[in-house]
Amino acid sequence: MARRSKLVLLVLIVALATAGCAANAPQDSLDPAGPFAKMLDNLFMPVVWVAVAVFILVEGAIVYFVVRYRRRAEDDDDELPVQLHGSTKLEIAWTILPALVLGLVAVFTIPVVFDLNAKPAGALEVSVTGQKFWWGYTYGAQPAFGIEEGGIVTANELHIPAGQPVYLTLTSPDVIHSFWTPRLNGKRDVVPGRTHTWSIQAYEPGVYSGQCAEFCGTAHANMRLKVVAHDQGGWDDWVRQMQQPPIQPLGGPAAQGFELFTQKGCAGCHRVEGAFEAVAAESPPAPDLTHLFSRDCFAGCIYDLNDRNELEAWLRNPQRKAGSLMVLGGPLTEEEIDNLSAYLETLE
Ligand code: CUA
């Protein structure tokens, strides 16, 4: 091989090898952070090694035969090599061997499939709805987790207690989505007209990012999510906060924003507990804003809610996220944007 092609080959190999490395990879399914993801990892790694063994055997045989039976200078160009047709022994062998390998993989896979689909005992239960293009979460009353009558409704960020199983019931009203938090479990497709279930659990408190993993429309790539796992104290605080109805602002920009919420049509689609409950029947599904500022992200979890500029840019033009179904009742002035932002910030 010429020196130059050797160099090109080396660069290619190094590029491929390093492309697989990332210092900050929050969605690394090879870095499980809970028991369900760990079950998948325990299955995945042995199967990878089986695949590596098969790869080495097959590729090794190919390379060996290419070298061993290459055309040599002393070969007679006109002479045909020995022609062989069929070998019953070989054909039986290469039919039975892969079947055995796949059978062995199945023996270990099937119990995991059933285990992953079982409902874990003592789990927190959450209903998950895939919307265009964000995830909605509803927690029914569950005294064991401090959730009282009336439950909790939120969006984009799924809050869970660390160290405890969470059993999700997933639905979608219109298109197929797929719920995926790689470090907590594999993907679960959410098909309209069907009810799916799936479990997640985090060993430790932390934030685990995820995303929709099924092409669902224009904003599919921007349909992200976060799972926030709390320690016991953090969970109790979150549940308590989520069960406090917001206080209506009585003066200042926030009070003016409160008025605008109806005037500009926000209340036609977004619910705020105790203030704006009557969402229009023809409204596209929109996130519940009752405790908007208990979250860090909005609009499919692609914008930072802690950055006021992001929220204002959104109110200026909700179409900045392609495929957004949010429509304003006319353009807002900068003052109206300030007032609406001030009101939204009271929804903690
Ligand atoms: Cu929802 Cu892709």
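Reader: Which side chain forms a polar contact with that of H159, and at what distance?
Author: The model is a predicted one, and in it H159 belongs to strand β4, which covers residues 157-161. Among the residues that H159 touches, leaving aside those up to four places away in sequence, are L124, Y139, W235 and H230. The polar contact joins the side chain of H159 to that of H230, at 2.7 Å.

Reader: Is H159 buried or exposed?
Author: A residue counts as buried when its relative accessible area is under 20%. The neighbours that H159 touches include V228, W238 and S294. Because its relative accessible area is 4%, H159 is buried.

Reader: How many salt bridges does the structure hold?
Author: One of them is formed by the side chains of E125 and K119, with N to O at 2.9 Å. In this pair E125 is partly exposed at 33% relative accessibility, and K119 is likewise partly exposed, at 49%. For the structure, the number of salt bridges is 12.

Reader: How many residues apart in sequence are the parts that E310 and R320 tie together?
Author: The side chains of E310 and R320 meet in a salt bridge, with 3.2 Å from N to O. Because E310 lies in helix α6, residues 308-316, while R320 lies in the loop between α6 and α7, the pair ties together parts whose separation in sequence is 10 residues.

Reader: Which residues does E310 touch, not counting those up to four places away in sequence?
Author: E310 is found in helix α6, where E310 is buried, as are L311, E312, A313, W314 and L315. The cover over the buried residues of α6 includes β11, β12 and α7. With residues up to four places away in sequence left out, E310 touches R320, F298, Y303 and D304.

Reader: Which residues are linked with R316 and E334 in a network of salt bridges?
Author: E334 and R316 form a salt bridge whose closest N and O atoms are 2.9 Å apart. This pair links distant parts of the chain, since E334 is in helix α7 and R316 in helix α6, 18 residues apart. Both residues are partly exposed, E334 with a relative accessible area of 42% and R316 with one of 43%. The network of salt bridges links R316 and E334 with R308, E312 and E345.

Reader: Are α5 and α7 roughly parallel or roughly perpendicular to each other?
Author: Two packed helices are described by the angle between their axes and by the distance between those axes. The axes of helix α5, residues 252-263, and helix α7, residues 334-345, come within 7 Å and cross at roughly 100°. An angle of 65 to 115 degrees counts as roughly perpendicular, and α5 and α7 are therefore roughly perpendicular.

Reader: How many nonpolar residues does the contact of α5 with α7 have?
Author: On the α5 side the residues in contact include P253, F258, L260 and F261, and on the α7 side they include L340, A342, Y343 and L344. By class, this contact has three polar residues and two charged ones, while the number of nonpolar residues is nine.

Key
Residues are numbered from 1 along each chain as its sequence is written. This is a predicted model: local features need pLDDT of at least 70, side-chain atom pairs count only at pLDDT 80 or more; totals for chains, interfaces and linings use all residues. Side-chain values use heavy atoms; hydrogens and water are left out. Axes are lines fitted to C-alpha atoms, for helices over the stretch in contact, and angles run from 0 to 180 degrees between N-to-C directions. Helices (H or I, at least four residues) and strands (E, at least two) are DSSP runs, numbered from the N terminus. Angles under 35 degrees count as roughly parallel, over 145 as roughly antiparallel, 65 to 115 as roughly perpendicular and the rest as oblique. Contact means heavy atoms within 4.5 Å. Ala, Val, Leu, Ile, Met, Phe, Trp, Tyr, Cys and Pro count as nonpolar, Asp, Glu, Lys and Arg as charged, and the others, Gly among them, as polar. Buried means under 20% relative accessible area, exposed over 50%, partly exposed in between (1.4 Å probe, protein chains only). A polar contact is a pair of N or O atoms within 3.5 Å; within protein, one must be able to donate a hydrogen and the other to accept it, and residues adjacent in sequence count only if both atoms are side-chain atoms. A salt bridge is a side-chain nitrogen of Lys or Arg within 4 Å of a carboxyl oxygen of Asp or Glu.
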